[in-house]
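Good morning, colleagues. Please turn to the sequence and model on the screen.

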Amino acid sequence: MSRHSAFMRLDFALGMLEEGDLDAAIEAALAAIDALPNEAQFHFVLGELYEKTKAPEKAITAYQQALILQDQDHLGAGVRLSLLGAGEHMQRLPADYVEALFDDYAPRFEKNLLKHLSYRAPEQVFNLLFTHLAKMPRKPHVLDLGCGTGLAGQHIHPIAGRLEGIDLSKKMLKQAEKKKIYNRLQQGDILAEIAENAPRFDLVIACDVFNYLGDLSTVFQRTVQRLRPGGFLAFSVESSGFDPSCESFNLNHTQRFIHNRQTVRNWLSASGFHIIEERFVPIRTENGEPVEGHLVLARLKTQLSAKLPPFPAEETETARQHIAIEPM
């Protein structure tokens, strides 16, 4: 069987899945694997099919093989193994997987979230911020962590003196660039080390971003390095469906982390923040049911004595015309 024929078998398997004929889908996936046994995607699809037929042991074997056949786990086989109790306890979703996921999702991201999932996290975070604007500098410099296509940026940019965004997915950044609301967009990991001379911000926002990280202690510490003295952090996480047997966070079947409320508070305090306000409001729907978001506005406790250098005047005053998407 040719490579082309093998992929046709996989397409047939996916077609049978859509029609609900799981037995035929599995048969076609196995035929594709017989033809191309080293194709990780085939094993991953087989694992998904076995999950749907309530055959977890067979699914685990398929996902393990998909993981072996990849240099980087772009498919998320390790995530599936973790959810099935056969993989490591994840502290975060793999960066390569998240990048690939959102690169593929970018063209339909906003339509799917806004139309089908009633997505409201950016709006709700901005409502929280708006209540406390008097506490913040006029026209603050804002960093949008995990900015995606710029949904949060759209709410923030009218009040921002400068707006920057960072995201793993270059294709999501291309969508954000079209909005012409950011002074600068950067491709990179929000957990990356921060250079000592990097610009500091008055406000950091993270809407629906920390759901892809389990342990948030490191990202809160990195955020401190991005903020000016007395700076603010506003973000959302999910708290619906938290497993009380977990001490801090658990990976949900949606492949997003759910966080213990008190643990989030403890991590913030340990990083030097005090909480100004918390809200618990719906931020999207899942299978028609509302998903509760835990919204937090926090401020650095410590007022640093050293005055950090401002943004260069020519950068601050430049109109939002050209945006360079730069690697981290």
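I shall speak about helix packing and then about nonpolar cores.

This is a predicted model, in which local features need pLDDT of at least 70 and side-chain atom pairs count only at pLDDT 80 or more, while totals for chains, interfaces and linings use all residues. Residues are numbered from 1 along each chain as its sequence is written, and side-chain values use heavy atoms, with hydrogens and water left out.

Helices are DSSP runs of H or I with at least four residues, and strands are runs of E with at least two, numbered from the N terminus. The axes of helix α1 (residues 3–19) and helix α2 (residues 22–35) come within 8 Å and cross at roughly 165 degrees. Axes are lines fitted to C-alpha atoms, for helices over the stretch in contact, and angles run from 0 to 180 degrees between N-to-C directions. The two helices α1 and α2 are therefore roughly antiparallel (over 145 degrees).

With helix α3 (residues 40–52), the axis of α1 comes within 11 Å, crossing at roughly 20 degrees. Helices α1 and α3 are therefore roughly parallel (under 35 degrees). Here Ala6, Phe7, Leu10, Leu14 and Leu17 of α1 meet Gln41, Phe42, Val45, Leu49 and Lys52 of α3, contact meaning heavy atoms within 4.5 Å.

I turn to the cores. A nonpolar core is a set of buried Ala, Val, Leu, Ile, Met, Phe, Trp, Tyr and Cys residues joined through side-chain atoms within 4.5 Å, buried being under 20% relative accessible area with a 1.4 Å probe, protein chains only. Among the 70 residues of the largest core, Phe210, Phe220 and Phe235 touch the most other members.

How values were computed. Angles under 35 degrees count as roughly parallel, over 145 as roughly antiparallel, 65 to 115 as roughly perpendicular and the rest as oblique. Buried means under 20% relative accessible area, exposed over 50%, partly exposed in between (1.4 Å probe, protein chains only).
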